Amino acid sequence: MAISTAAPRHSCAKLSVAVQDPKPGEGGAIFVKATWHPTRFSLAVTDGAGAWVAQASDAEVRLRSEQWDQPIADYLALAERYLAFQQPSSTYSFHDAANGNRRLSWTFEKQGTKLEWRWKLQPAPNTQQTIAEILDFLMDANIRLSEEVVRKTQSFDKLKQESEKCLQQSERFNIEKAEFEQATFSKFVAVLNSKKAKLRQLKDKLTELESADKAPKEEDENSTDKTELFEEESDKDASVNDEPSETGGGDLHSSPEKTAATSRGGRGRKRTRK
């Protein structure tokens, strides 16, 4: 059988318990110091006046875990949960078990059923030594906690200072970011306005070029219309000159040959009369 060499764990809790015949001034509280091993545990309990101890051996823990149908590790984990810290839902009691013995019990729920665990404790062989060991453990734990609180406080103060520095740096970055965005936006607006002005100038030039190109085209179209009209009129005049006279007088415009003959005939007639 392999023997576990894991370091034991220690715990000490102040439990509010129900006691038999409490003395005046007693608050019904006990201190339970426990040492947890992988397969067993031990208890030392004091109410300030007396001390009791219990040694749960490997065999006893195995027997109890089998009775509760639990693995040994789960049984010990559940016991540590209720003895290292007081559970509000549990009821603790510390009663006399005859012959100076005491019985420590606590309740818990499993699958909706309220159950109770009990462990019998015997009077400590050396009451004063047991009480001193419990007090020493509590003092050592208190010192460790105090040192831890000091370290945590110092760490918190350091983190607070760093947080304030980060906050100041963040505010400075935000201001610089806003200034940079403002400057960039101003430059962008200036460039955008310049581009818009350039586009307007190009648009005006394009409009002027289109207007200048459109004027010659209109003149060409007008001259073409006039030419066609002139040609049509010329054609009409030519057709009128080519038509014969209604009185039978011949052509309105005689040919050169006819004109010459007429001139000679006239001159002949004039000579005969003389």
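**A loop and the strands around it**

Modeller: At 75% relative accessibility, N99 counts as exposed, because the cut-off for that word is over 50%. Keep in mind that the model is predicted. N99 is placed in the loop between β6 and β7. Its phi is near 60 degrees, which is positive although the residue is not glycine. A98 lies in the loop between β6 (92-96) and β7 as well. A98, also not a glycine, has a positive phi of about 75 degrees. Most residues other than glycine have a negative phi. A98 has a relative accessibility of 38%, so it counts as partly exposed.

Next come the aromatic rings. A search of the whole structure gives nine aromatic pairs. One of them joins F41 and W119: the ring centres are 5.3 Å apart and the planes stand at 80 degrees, so the pair is edge-to-face, a class that needs an angle over 60 degrees. F41 belongs to strand β4 (residues 41-46) and W119 to strand β8 (residues 113-123), so this pair links distant parts of the chain, 78 residues apart. F41 and W119 are both buried.

W106 and W117 are edge-to-face, with 6.0 Å from centre to centre and 75 degrees between the planes. W106 is in strand β7 (residues 102-110) and W117 in strand β8, so their pair ties together parts 11 residues apart in sequence. W106 has a relative accessible area of 0%, so it is buried. W117 counts as buried too, because its relative accessibility is 2%. Ring pairs also place W106 and W117 in a cluster with W68, Y75, Y82 and F108.

Charged side chains sit over some rings. R64 lies over the face of W119, 4.0 Å from the ring centre. K33 lies over the face of F137, at 5.5 Å from the ring centre.

F41 also gives a way into β4, where six of six residues are buried. In a regular strand the side chains alternate between the two faces of the sheet. In β4 both faces are covered: on one side F41, L43 and V45 are buried, and on the other S42, A44 and T46 are buried.

Strand β3 (residues 29-36) runs antiparallel to β4 and is joined to it by six bridges. T35 has S42 as its bridge partner in β4, and a hairpin of four residues joins β3 to β4. β4 also pairs with strand β5 (residues 51-56), antiparallel and over six bridges. These two strands, β4 and β5, form a hairpin with four residues between them, and G48 in the turn has a positive phi of about 100 degrees.

The bridge partner of T46 in β5 is A51. The side chain of T46 reaches the backbone oxygen of G50 at 2.8 Å. Leaving aside neighbours within four places in sequence, T46 is in contact with I30, F31, A51, I131 and I134.

Note on methods. Residues numbered from 1 in each chain as written. Predicted model: local features only at pLDDT ≥ 70, side-chain atom pairs only at ≥ 80, totals over all residues. Heavy atoms only, no water. Phe/Tyr/Trp six-rings, centres within 6.5 Å; stacked < 30°, edge-to-face > 60°. Buried < 20%, exposed > 50% of the residue type's maximum accessible area, 1.4 Å probe, protein only. Lys NZ or Arg CZ within 6 Å of the ring centre and 35° of its normal. Polar contact = N/O pair within 3.5 Å; in protein donor to acceptor, adjacent residues only side chain to side chain. Contact = heavy atoms within 4.5 Å. Pairing = 2+ DSSP bridges.
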